[in-house]
Amino acid sequence: MKIVDAHSHLWLRQDTIVDNQPIRTTTNGRSLFFGEEVQMLPPFMIDGKNTAEVFLSNMNYAQVSAAVVVQEFIDGLQNDYLSDVQQRHPNRFVTCGMAEFRSPGYYSQVVRLYEAGFKAIAIPGHRLAKAKDGSTALSSDEMMRTMHYMEDNDMVLSLCLADDAQQIAEAEVIIRECPKLRIAIGHFGMPTTSHWREQVMLARHENVMVESGGITWLYNAEFYPFPSAVKAIREAADMVGIEKLMWGSDYPRTITAITYRMSYDFIVKSNLLTEAEKEAFLGGNAQRFYRLHDLIELPYVKNMSE
């Protein structure tokens, strides 16, 4: 099967502020992150750069044909770099642009991102503060204008939601008013929280998919082979159909604990999904949703320790 990663990240350097706290690349793959130093990258990535070239090496080794690169405020805006990556590797990556959705004026930014060649936009909705005037709501006037623009131009929305009911209701407004806008709900709806089934049920709409980026992080305490993660995938498939679900790794943050291949082979080795379901979840669904063509076929390379 050809595998597609529906949720990954790239950046040249973290240097931003989120919730009035700095996030900065330090040394040896570490970053200052909300007041503490954490291992943001594997320790061998000593320059702090999370580049497409290193990711491609991981993808080739793990036999992953293509990856969707989303964005998050904690990494800072990476539009210039991701535009360059898309141009240099058009058959391996789908890169998402990101506007500064935390303050008014982002509609024009999204227009410029589309004109620059981006076919998808990422919104880390869970990072949007709840303003009393509703200006940061996913269903605000400026956001709905942005969503209609994206729908009219056949763009894809990669959307991560907060683990509460409010943004789920706001997402329903977007889905109802923009029925042709392709939407991918991130982080598998946060299956370790109380509202995850409601997020998954958004995929009952024809234009909505759910991707599993970060699911190994959510079940990190359980660790490989993540039996509860597989059970969540099985339950979600029973709720909305396996054809509505996509695999995502949340690379590179998750591979500080496991290898890139391990972020999907626990699914391959599970007996809770059929072979056809695994093929759909790990690549077929994303290939259809993102309209990917001519995916590269990668050979298995034997480890010297085998």
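**Notebook: Ser-31 and the strands around it**

I began with Ser-31 and found its place in strand β4. The model I am reading is predicted.

Buried or exposed, I asked of Ser-31? Its relative accessibility is 2%, so I count Ser-31 as buried, the cut-off being under 20%.

I then looked up the neighbours of Ser-31. Leaving aside residues up to four places away in sequence, I listed Gln-14, Arg-24, Thr-25, Thr-26, Glu-36, Glu-37, Val-38 and Met-40 as touching Ser-31. With Gln-14 there is also a polar contact between the side chains, at 2.6 Å.

Next I took the pairing of β4, residues 30–33, with β3, residues 21–25. The two strands run antiparallel and are joined by three bridges. I noted Leu-32 in β4 as the bridge partner of Arg-24. Four residues lie between β3 and β4 in their hairpin, and in the turn I read a positive phi of about 55° for Asn-28.

I turned to β5, residues 36–39, which pairs with β4 in the antiparallel sense over four bridges. Here Phe-33 stands opposite Glu-36 of β5. The hairpin of β4 and β5 has two residues between the strands, and I found Phe-34 with a positive phi near 50°.

Last, I checked helix α2, residues 79–88. Which of its residues are buried? I noted Asn-79, Tyr-81, Leu-82, Ser-83 and Val-85. The cover over the buried residues of α2 includes the helices α1 (52–62) and α3 (106–115), and the strands β6 (64–69) and β7 (93–95).

How values were computed. Residues numbered from 1 in each chain as written. Predicted model: local features only at pLDDT ≥ 70, side-chain atom pairs only at ≥ 80, totals over all residues. Heavy atoms only, no water. Pairing = 2+ DSSP bridges. Buried < 20%, exposed > 50% of the residue type's maximum accessible area, 1.4 Å probe, protein only. Contact = heavy atoms within 4.5 Å. Polar contact = N/O pair within 3.5 Å; in protein donor to acceptor, adjacent residues only side chain to side chain.
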